[in-house]
Amino acid sequence: MLESMEISDFSQPARQSAKGIIIIFGFNTFKFFKKFFVLFLALGLSLMKKKTFASLSPTIIILIVVGILIVLLLFAILKYLNFRFHISKDDFHLSTGIFNKDNTIIPKSKIQNVYVKQNFLQQLINVVSLNIETAGDNKSEIEISALDKSTALLLKKELFNKNEANADSDSTLVNEQKTVFFKVSPKRLLLEGVSQNHLKSFAIIASFVFGLYYEFKDYIKDLKIRERIEGVIQLDEATLFGVFLTNLFIVVLAILFSLVFSVIKTFITNFNLQVVENQKTIEINKGLFNKISLSLTPSRIQNIVIKTNRLKQYFGLHTMSVKQAMVNAKQKKNFVIIALEKTQVNHLIDKLLENYTSHLEAYKPAYYYKRILGLDMLITAVIANGIAHLIFGSNVWWINLILVPLAILYVYYGFKKAYYKIDDEFVTIGGGVIDTTTNILEIHKIQAVKLKQTIFQKRRQITSVIISTASKSVKIPYIKESDAKSIYDFLLYKVESQDKDWM
């Protein structure tokens, strides 16, 4: 049995635990079969349809599978043996590679975040992985796949101890006394899953189903699924009422699947969610099959986004997303705290953004913004009618009974929720249609400001202000040109005159 190895001296090159071989092998095996899943499935269905399984003996199939696994295991062992790391006074050093050897040096001062992760396989063999990220990279630059938890926390501490002068500030990630500020309950997780915007879940399910249908449409047609559905509900498709109820049945089924998918995903991702409050930092712990533990330091935060909707407000639910200077979309999803009460949101904002105030006059976009929202819905309606005509046939006029009220609500709430506030230190931008979104950013962390104007907007002296930080861009949409230029000049002046680091 492979044992976990504790490391206390990081000044000498060392390997991770030998259990890392299992992690690397498991991860590579999963990626391999995920990449070629459709190919294997198509091959299997083809063999079943042609009844040619007899030509392949079980021994040959087993030998092929075993051969693939042996090759993947050899690559895992070689990758483990060539993976070494150590820490010097100011840098983290990593040596990797199988055929081509790479040596990576990361200055401690450039490290954006260090977080501890534990997937299902790592939980089984009692190890964790440690990820090191720098600002602006499209993936985690470093992932050490197998360390015991105490070693990972000690390494995390050493990476944030940049030098003796500021060690006390950054080592708080490990040394501070911790207090559990918020712990999600199963009830609030359920309410969060039910009250989410299920359009995204529907889009994920729809894209997956249509992808499979495209790959195996001939095989699916042989199953005669549509005929069976119509037989169950016993309707004559020739009648308009029958067509309407058949399509309604499909839509309701899709909504139910989206709801169940959202609830399950919410439970798995945010299982046992805890927000731990330290003197200077916030720590997030969550996850069922993929446990994650990460720290939020105010100096590294670029944007804070608060989201809710009408149903969530009824249940007292708010979501806070923290944006840092990285572009790894998968990792950004971990910097999210769900099911917060309004008072808890305000407390975390006060903790992470010093001197922030929301009691400022809010300014609205120009009336022209309503025309843009209306144009968006007109284009959407045309596309929706076209897709419905292709899928359900010519009798789809009823879809406009849904689209027209939705369009009116979209324009009304889209304009109503749009606003912006600016003071000497912060920019706050509100918006949304289904969700109510609030973006907050510190002015001294702004990387760029630009004005965006089309030829149609120029005639009406309307423009938009695009404000970019190291993590994302936000927009003040469709305001008067004179106001936009004033905001542009003010923000550039504040950025250039303030002697503060953006990170």
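This briefing walks through the sheets, helices, salt bridges and surface of the structure above.

The model is predicted, so to speak of local features a pLDDT of at least 70 is needed, side-chain atom pairs count only at pLDDT 80 or more, and totals for chains, interfaces and linings use all residues. Residues are numbered from 1 along each chain as its sequence is written, and side-chain values use heavy atoms, with hydrogens and water left out.

**The chain as a whole**

- The secondary structure comes to 19 helices and 19 strands; helices (H or I, at least four residues) and strands (E, at least two) are DSSP runs, numbered from the N terminus.
- Of the 503 residues in the chain, 40% are buried. Here buried means under 20% relative accessible area, exposed means over 50%, and partly exposed is in between (1.4 Å probe, protein chains only).
- Contact means heavy atoms within 4.5 Å. Among contacts between residues at least 6 apart in sequence, 59% join residues at least 24 apart.
- The chain exposes about 28600 Å², and carbon and sulfur atoms supply 62% of that area. Accessible areas come from the Shrake-Rupley method with a 1.4 Å probe, and for residues only the protein chains shown count as cover.

- Strands of a sheet pair through backbone hydrogen bonds, either parallel or antiparallel. In this model, two strands pair if DSSP finds at least two bridges between them.
- Seven strands form an open sheet in the order 6-5-4-10-9-8-7, with antiparallel pairing. Its edge strands are strand 6 and strand 7 (179-183), each pairing on one side only.
- Neighbouring strands of this sheet are turned by 20° against each other on average, direction ignored. For such angles, axes are lines fitted to C-alpha atoms (for helices, over the stretch in contact), and angles run from 0 to 180 degrees between N-to-C directions.
- Within the sheet, six bridges pair strand 4 with strand 5 (residues 128-134) in the antiparallel sense, and Val114 stands opposite Ile132 in strand 5.
- Helix 15 packs on the sheet, where it touches strand 7, strand 8, strand 9 (282-286) and strand 10 (291-296). The direction of helix 15 makes about 140° with that of strand 7.

**Strand 12 and its partners**

- Strand 12 (residues 318-324) is mostly covered, with six of its seven residues buried.
- Strand 12 runs antiparallel to strand 11 (residues 301-309), joined by six bridges; Lys307 has Thr319 in strand 12 as its bridge partner.
- Strand 12 also runs antiparallel to strand 13 (residues 336-340), here with three bridges, and Met320 stands opposite Ile337 in strand 13.

- An open sheet of three strands has the order 17-18-19, and its pairing is antiparallel. Strand 17 (448-452) and strand 19 (473-480) stand at the edges with a single partner strand each, so one side of each has no neighbour in the sheet.
- Strand 18 (residues 462-468) and strand 19 pair over six antiparallel bridges, and Val465 stands opposite Ile476 in strand 19.
- Helix 19 lies across strand 17, strand 18 and strand 19, running at about 140° to strand 19.

**Salt bridges**

- Side chains of opposite charge can pair when their charged atoms come close. A salt bridge is a side-chain nitrogen of Lys or Arg within 4 Å of a carboxyl oxygen of Asp or Glu, and by this rule the count comes to five.
- Glu143 forms a salt bridge with Lys117, their closest N and O atoms being 3.7 Å apart. This pair links distant parts of the chain, with Glu143 in strand 6 (residues 142-147) and Lys117 in strand 4 (residues 111-118), 26 residues apart. Glu143 is partly exposed at 35% relative accessible area, whereas Lys117 is buried at 18%.
- Glu277 and Lys351 meet in another salt bridge (3.7 Å, N to O). Glu277 is in strand 8 (residues 274-277) and Lys351 in helix 15 (residues 342-352), 74 residues apart.
- Glu481 and Lys485 also form a salt bridge (3.9 Å, N to O). They are four residues apart in helix 19 (residues 481-497), so about one helical turn separates them.

**A nonpolar patch**

- Ile62, Val66, Ile70, Leu73, Leu74, Ile77, Leu78 and Leu81 form a nonpolar surface patch, with about 640 Å² of accessible area together.
- Patches are made of residues with over 30% relative accessible area and no salt bridge; like charges are joined within 9 Å, and nonpolar side chains (Val, Leu, Ile, Met, Phe, Trp, Tyr) within 5 Å.
- Val66 is found in helix 3 (residues 58-81) and is partly exposed at 38% relative accessibility.
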